Amino acid sequence: MTTTETDAKQAFAAKLKAFEGRQIGPPERGADPVNQPMIRHWIEAIGDQNPVYVDTDAAAASVHKEIVAPPVMLQAWVMRGFKPRPRTGGSAQDELMALLESEGFTSVVATNCEQEYARYLHLGDHLSTTTVIEAVSGEKATGLGVGHFVTTRVEYRTDDGELVGTMRFRILKFRPGTGRTAAKQDAGSQDDAGQEAKDRPLRPRPAITQDNAFFFEGAKQHRLLIQRCARCGTLRHPPRPMCASCHSYEWDTLEASGRGTVYSFVVNHYPQVPAFDYPLPVGLIQLDEGTRLVADLVGVEPSDITVGMAVEVEWEDHDPDLTLPAFRPAGR
Ligand code: ZN
């Protein structure tokens, strides 16, 4: 690196540092106070059945004495909407993002989110947030690319100024094409393909437990085994100890035919993990036997994948310790 380049980098780093401590625009007040309908919809979506969130009598008999909101709903009370309401005034965040983008750090990925709750929220609490840029890191080389971490700290307060929670949120703004995957692809164009395959990191290991070991052992034998309740016959995947229908712990397995349809799918572009090829289509497969599982979609262009298309299993022996099912269009 030349002296001029070093000077330019230091000057840029100093400009980024100057954002630390700056508030992002004026405080923003939630559209609605803490309210029962939003709590009800949220707990139905999440499946939390604690009665203190919805049942007046149960809440009155509890330590809370009244209905409270689930603490992790904190962010919901000030969300800016599906079509975000325009901010009032300028935003230091927008300025910082524009500065990073002007230097080629155009991609973004969220990396951390930590919330702290000072107390439970009650119906009628009306929250506002103030957000401060807490830290901007120096240039870091990460798996995704070279970039800067930006940490913001959000304070949640009621109308009378009481601090009820905080959230620290960190993103990485990075230069696309500078991560380890890109470096490997460049090296691969010079070396022979075999060398590239050898250097490629292994797929992330599944967490094998007593409950799911049969699935991965079956996969090594190219058998698609699905857990089945031994009492009522309900299929379940991913594997888990108890039947959700009859609560029995007794189970055996069914060897599935490997045929099914695409119930839903996504095509992943970012973040890119070096063990995978991108774009990476991943399907939620509705098996003919009646349960679903998530698996890579192979042998098909991402643009040709449709919901409902018939697929069949194809076994992928990734390495001696890991075989996984993938699915390809049926009959091809
Ligand atoms: Zn059962």
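Is H247 buried or exposed? With a relative accessibility of 51%, H247 counts as exposed, where exposed means over 50% relative accessible area, buried under 20% and partly exposed in between (1.4 Å probe, protein chains only). The structure is a predicted model, in which local features need pLDDT of at least 70, side-chain atom pairs count only at pLDDT 80 or more, and totals for chains, interfaces and linings use all residues. Residues are numbered from 1 along each chain as its sequence is written, and side-chain values use heavy atoms, with hydrogens and water left out.

H247 sits in the loop between β10 (235-236) and β11 (251-255); helices (H or I, at least four residues) and strands (E, at least two) are DSSP runs, numbered from the N terminus. Its phi is near 65°, a positive value in a residue other than glycine. H222 likewise has a positive phi, near 60°, and is placed in the loop between α7 (213-220) and β9 (225-229). At 36% relative accessibility, H222 is partly exposed.

We turn next to the metal site. The zinc ion is coordinated by the SG atoms of C229, C232, C243 and C246, at 2.3 to 2.4 Å. Donors here are N, O and S atoms within 2.8 Å of the metal (3.2 Å for Na, K and Ca), and sites may look incomplete because water is not among the atoms. The spacing of the donor residues in sequence is C-x2-C-x10-C-x2-C. The arrangement is tetrahedral because the four donor atoms subtend angles of 101 to 115°, the criterion for four donors being that all angles lie between 85 and 135 degrees.

Two cis peptide bonds can be described together. The bond from Y270 to P271 is cis, with omega near -5°, and the bond from Y278 to P279 is cis, also with omega near -5°. P271 is found in the loop between β12 (259-268) and β13 (280-287), and P279 lies in the loop between β12 and β13.

Finally, a search of the whole structure finds one cavity of 30 Å³ or more. On a 1 Å grid over the protein atoms alone, a cavity is a set of points where a 1.4 Å probe fits but cannot get out, and lining residues have an atom within 4 Å of a point. The largest cavity has a volume of about 50 Å³, and its lining consists of A69, P70, P71, L74, Y117, R119, L121 and V164.

Technical notes. Four donors count as tetrahedral if all angles lie between 85 and 135 degrees; four count as square planar and six as octahedral if opposite donors are over 155 degrees apart and all others between 65 and 115; anything else is irregular. On a 1 Å grid over the protein atoms alone, a cavity is a set of points where a 1.4 Å probe fits but cannot get out, and a pocket is an open set with protein on both sides within 12 Å along at least five of seven lines; lining residues have an atom within 4 Å of a point. Grid points are joined across faces, edges and corners, and a volume is the space filled by probe spheres set on the points.
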